[in-house]
Amino acid sequence: VAYNTSPADLRMILIDPKNEDLRPYASLPHVELFAGKPEDIDAAISRIEQEIVKRSDDHARKPYRLLVIIDELAWAVEGLPMQRRVGRVMGIGRTKLINVVACTQQPTEEGGMGAMMKANVPMRLVGAVSAGQSYTATRRKNAQADMLPPKCGAFLYIAGLEMYRFHTFLMDDADERRAVALVCEKWAGCASTSTAST
């Protein structure tokens, strides 16, 4: 997405409570904010909420698509108040060109998959889950996500009535560095307004 879309048309907010998996992407010219510590998450969500208010007050204001990527959703939205806030962002944001990609290893009610979020996740990529978590993760009876082989890149793609299995590539650290370098090289002429935190 970052390679094919100008930073003028796509901005990103990365939320990674472990300060690890999304860290390599913090230097992309598209990244406005990187929240790598639990205490940074509230400020990041507040910033997204403020942008939703601005776009709601001025219906013509959609200067770019804002992509919010949340890793470790269970940690990031710990507690019902934060779950509700992120659920509202997911529900209202789509019409404002604000989209959320949420990742979790705990697809349970307690692991960040509250009712508001389930209602506002129209597309899912589901890898191997523990026994008993398949329905919560897929919202499909007999999807058998708990039967997917772990650690081999097998996923279920689910969107509307569509569901199929696919395999993806594994990127190691060197691959990530090369991918980020390619994006940065392609958009080097673009002025970055990144305010990514450390």
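**Helix packing and sheet pairing**

Tutor: Helix 1 (residues 38-57) packs with helix 3 (residues 80-93) at an angle of about 35°, their axes lying 11 Å apart. Helices are DSSP runs of H or I of at least four residues, strands are runs of E of at least two, and both are numbered from the N terminus. Axes are lines fitted to C-alpha atoms, for helices over the stretch in contact, and angles run from 0 to 180 degrees between N-to-C directions. The model is predicted: local features need pLDDT of at least 70, side-chain atom pairs count only at pLDDT 80 or more, and totals for chains, interfaces and linings use all residues. Residues are numbered from 1 along each chain as its sequence is written, and side-chain values use heavy atoms, with hydrogens and water left out.

Student: Why is the crossing of helix 1 and helix 3 called left-handed?

Tutor: A crossing is left-handed if the near helix is turned anticlockwise from the far one by less than a right angle, and right-handed if clockwise. The crossing of helix 1 and helix 3 is therefore classed as left-handed.

Student: What makes strand 6 and strand 7 a pair?

Tutor: Two strands pair if DSSP finds at least two bridges between them. Strand 6 (residues 154-159) and strand 7 have six, in the antiparallel sense, and therefore qualify. Ala159 is bridged to Glu162 of strand 7, and Ile158 to Met163.

Student: How many bridges join strand 5 and strand 6?

Tutor: Four, again antiparallel; Leu125 has Tyr157 of strand 6 as its bridge partner.

Student: Why are strand 5 and strand 7 at the edges?

Tutor: The open sheet has the order 5-6-7. Strand 5 (123-126) and strand 7 (162-167) each have a single partner strand, so one side of each lacks a neighbour in the sheet.
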